[in-house]
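Here's a protein to explore, one piece at a time. Keep the model open beside you while you read.

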Amino acid sequence: TTSAEPSDLRNSSVSRLWSSRPHNLKLCRKELIIMASFKVEPSGDFVLMDIYPKTVFGGDTQKVNADGVLLWNVKTLMDSENGAASFVNVVVPSKEKPKFGRTERVNFKNLVLSYSKFDGETVVWLHADAVTGGGLND
């Protein structure tokens with residue numbers, strides 16, 4: 001485990017990556033990119049709306065992970081404890097399209113929220129190891 005202050009990382013000539021459960025943080029001197037990931041526990045159920053291929057930006061080719069497994073966008077409606085509902089998209093790897101029906105309750109194995117900040121812009125995305133059947137309250 002590497003321990004360093006953010007100012008040390010900004011002044012470092014090489015990128016450093018360290019892991020401290022539950023998140024990872026990476027700062028790169030050249031581009032000043034900040035990336036972090038946090039394991040999250042949902043407070044409500046996910047209702048499946050659609051599953052479709054995760055494609056490369058501006059193209060039709062389906063993305064794959066580092067192991068060559070296809071990536072899928074799982075579009076859900078999340079029903080939270082306070083009654084508010086939000087559309088939530090989660091990227092999952094699977095050798096074939098996951099087989100769940102529209103409006104079926106689903107959950108995610110090892111759900112992670114990641115974000116990246118570059119040049120004042122922040123991008124947030126959710127990803128998980130797998131989509132599974134059943135909601136939190138089932």
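Let's start with V74. Leaving out residues up to four places away in sequence, V74 touches L48, D50, I51, V88, N89, V90, V92, F108 and V131, where a contact means heavy atoms within 4.5 Å.

V74 also turns up in the largest nonpolar core, which has 15 residues. Such a core is a set of buried Ala, Val, Leu, Ile, Met, Phe, Trp, Tyr and Cys residues joined through side-chain atoms within 4.5 Å. Those with the most contacts inside it are V74 along with F46, V90, V92, F108 and L111. Two or more residues each come from β4 (45-53), β5 (71-79), β6 (85-93) and β7 (105-109).

## Where this model comes from

You're looking at a predicted model, in which local features need pLDDT of at least 70 and side-chain atom pairs count only at pLDDT 80 or more, while totals for chains, interfaces and linings use all residues. Residues are numbered from 1 along each chain as its sequence is written, and side-chain values use heavy atoms, with hydrogens and water left out.

## The whole chain

How many helices and strands does the protein have? There is 1 helix, and there are 10 strands; both are DSSP runs numbered from the N terminus, with helices being H or I of at least four residues and strands E of at least two. Starting at the N terminus, the order is α-β-β-β-β-β-β-β-β-β-β.

Of the 138 residues, 30% count as buried. Buried means under 20% relative accessible area, exposed means over 50%, and partly exposed lies in between (1.4 Å probe, protein chains only). Take the contacts between residues at least 6 apart in sequence: 49% of them join residues at least 24 apart.

## A serine pair

Now find S37 in strand β3 (residues 33-39). Is S37 buried or exposed? S37 is buried, because its relative accessible area is 18%. Its side chain makes a polar contact with the side chain of S114 (2.7 Å). A polar contact is a pair of N or O atoms within 3.5 Å; within protein, one must be able to donate a hydrogen and the other to accept it, and residues adjacent in sequence count only if both atoms are side-chain atoms.

## Two positive phi values

Most residues other than glycine have a negative phi. T103, in the loop between β6 and β7, has a positive phi near 70 degrees. T103 counts as exposed because its relative accessibility is 54%.

N110 has a positive phi too, near 55 degrees. N110 sits in the loop between β7 and β8 (112-118) and is partly exposed, with a relative accessible area of 32%.
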